[in-house]
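Welcome, and thanks for taking a look at this one with us. Below is a short briefing to read alongside the model.

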Amino acid sequence: MKSVWKPLSPFARISLSLILVLSLFFSVPFSFKEVYAEEENSTTLKLYAQSAVLMDAGSGRILYEKNGHEILPMASTTKIMTCILALEYGNPEDYAMASSYAASMPKVKLYVKANEYYRLGDLLYSLMLESHNDAAVVIAEHIAGSTESFADMMNQKARDIGCFDTFFITPNGLDATAADQEGAVRAHSTTAADLAKIMSYCIMDSPQKEKFLEITRTASYAFESYQEKEGGFVPTGRSFNCNNHNAFLSMMEGALSGKTGFTGSAGYCYVGSLRRDDRTFVVALLACGWPNNKTYKWSDTKMLMNYGLENFEYHTLSEAAYDESQLKPIQVLNGQADRLDALAYTDIKIIRGESTSLDGNRPDDTGLSQDALPSSEEQGLLLKKGEKIETRCQITSQLTAPVSAGTQVGTVKYLVGGEVYKIEYIVTATDVPAIDFSWCMKQILKRYNLYG
């Protein structure tokens, strides 16, 4: 029989529509809950910066990042490196002469005059509080003889700290390009990860860290220029006053230090630090908006700092230290023992306080700074709530004589988030000579009471 389609009655159409509406009504809340749960558990922060890093300044561990290893220009945040080098290699009481090149620098500037003199210590306040570009050049030329030589010092220091994606050309951060050591043309640039490491070095590890903090935390500073006269220096009558433009210092409890920056290529940049109790955080931001978005860097900095404060706690490595009493002597094949038919063993021990990566260098891909760590069992790091330090011990099962005391036979690795944070070495504690004819004769004679 041929089927005949009949239109639905009005009641049937209403019933079908109601069923569809009810099905949507009950299904939508479930999917909303799933989406909300994903967003609630996500650690993605809504940042303005194109590149950002939150770092544990004590360990160098990256706690949060957004494109943290993207190479970008960094503007006047450059000056933290200029400042720390001047403090480490210069004498604040020296008088530095301004060259015509220094006087030609664009704004922002102190308006130094060629052949005028300035105390190096005074120029550091000009550099860090007002971000004067000409002051940076006077400092660089005084320390190294030229800005080119000073850039070489900056790049070497960056490598010493472990910053291998950074290339300095100018002491003030003005946009520039130049050939690197391999001949490749590169821009004056860094990454947020490297910039955070440099700031961490300035406030945690440099022998001049206290002076660096004193300068960068000063609210205002006044000084004058000098001229050479009769073998000495006398004031010219020109005086200067500098005010600190790091607004973050008054935004959060524990705000410690920082440096702003801006160029047309770099956009607004910032690197700053905060310390509360035993936690020290560094935030580095690159390309954090362009005019008229000057305040973006402050909201990003506060968001990252609050994220660190709310989610990370300080832990010492001693909490996860490997129990040395668990170490067992290692058998030494062909080794001299106390009698002819006995097996030879060597005791082993852990060399505490040693720290390195698997290849003997800083592990670039872990975000952990090894070369700046103090040699102490009480060294620590910031861990996210619920995160733990994992300990792995690897020991050689057997050795062959001769064995010297201090021979490496294993490692104790401390891992955080699956990445190696620290390595302690396990070494032999005693010498074990190889069996030889002389030793065999002595043992035979001992057995028959014919020796000793």
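**Pockets and overall build**

By class, the residues lining the largest pocket comprise nine nonpolar, 13 polar and six charged ones. Bear in mind as you browse that this is a predicted model.

**The largest pocket**
- The volume of the largest pocket is about 550 Å³.
- Its lining is made up of 28 residues, and those nearest the centre are Val108, Ser131, Thr260, Gly261 and Phe262.
- Two or more lining residues come from each of helix H4 (120–129), strand E9 (255–263) and helix H9 (296–311).
- Strand E9 contributes the most to this lining, with six residues.

**The second largest pocket**
- The second largest pocket holds about 450 Å³ of space.
- It is lined by 25 residues, with Ala151, Asp152, Asn155, Phe167 and Phe168 closest to its centre.
- At least two lining residues each are supplied by helix H6 (147–161) and strand E5 (177–179).
- H6 provides the largest share of this lining, six residues.
- Sorted by class, this lining has 13 nonpolar, six polar and six charged residues.

**The chain as a whole**
- Ten helices and 20 strands make up the secondary structure of the protein chain.
- The chain has 452 residues, and 46% of them count as buried.
- Among contacts with a separation of 6 or more, 65% link residues 24 or more positions apart.
- The accessible surface amounts to about 22,900 Å², and carbon and sulfur atoms account for 52% of it.

Notes: Residues numbered from 1 in each chain as written. Predicted model: local features only at pLDDT ≥ 70, side-chain atom pairs only at ≥ 80, totals over all residues. Heavy atoms only, no water. Helix = DSSP H or I, 4+ residues; strand = E, 2+ residues; numbered from the N terminus. Buried < 20%, exposed > 50% of the residue type's maximum accessible area, 1.4 Å probe, protein only. Contact = heavy atoms within 4.5 Å. Areas by Shrake-Rupley, 256 points an atom, 1.4 Å probe, with all protein chains shown as cover. 1 Å grid on protein atoms, 1.4 Å probe; cavity = no way out; pocket = protein on both sides within 12 Å on 5 of 7 lines; lining within 4 Å. Points joined across faces, edges and corners; volume = space filled by probe spheres on them. Nonpolar A, V, L, I, M, F, W, Y, C, P; charged D, E, K, R; others polar.
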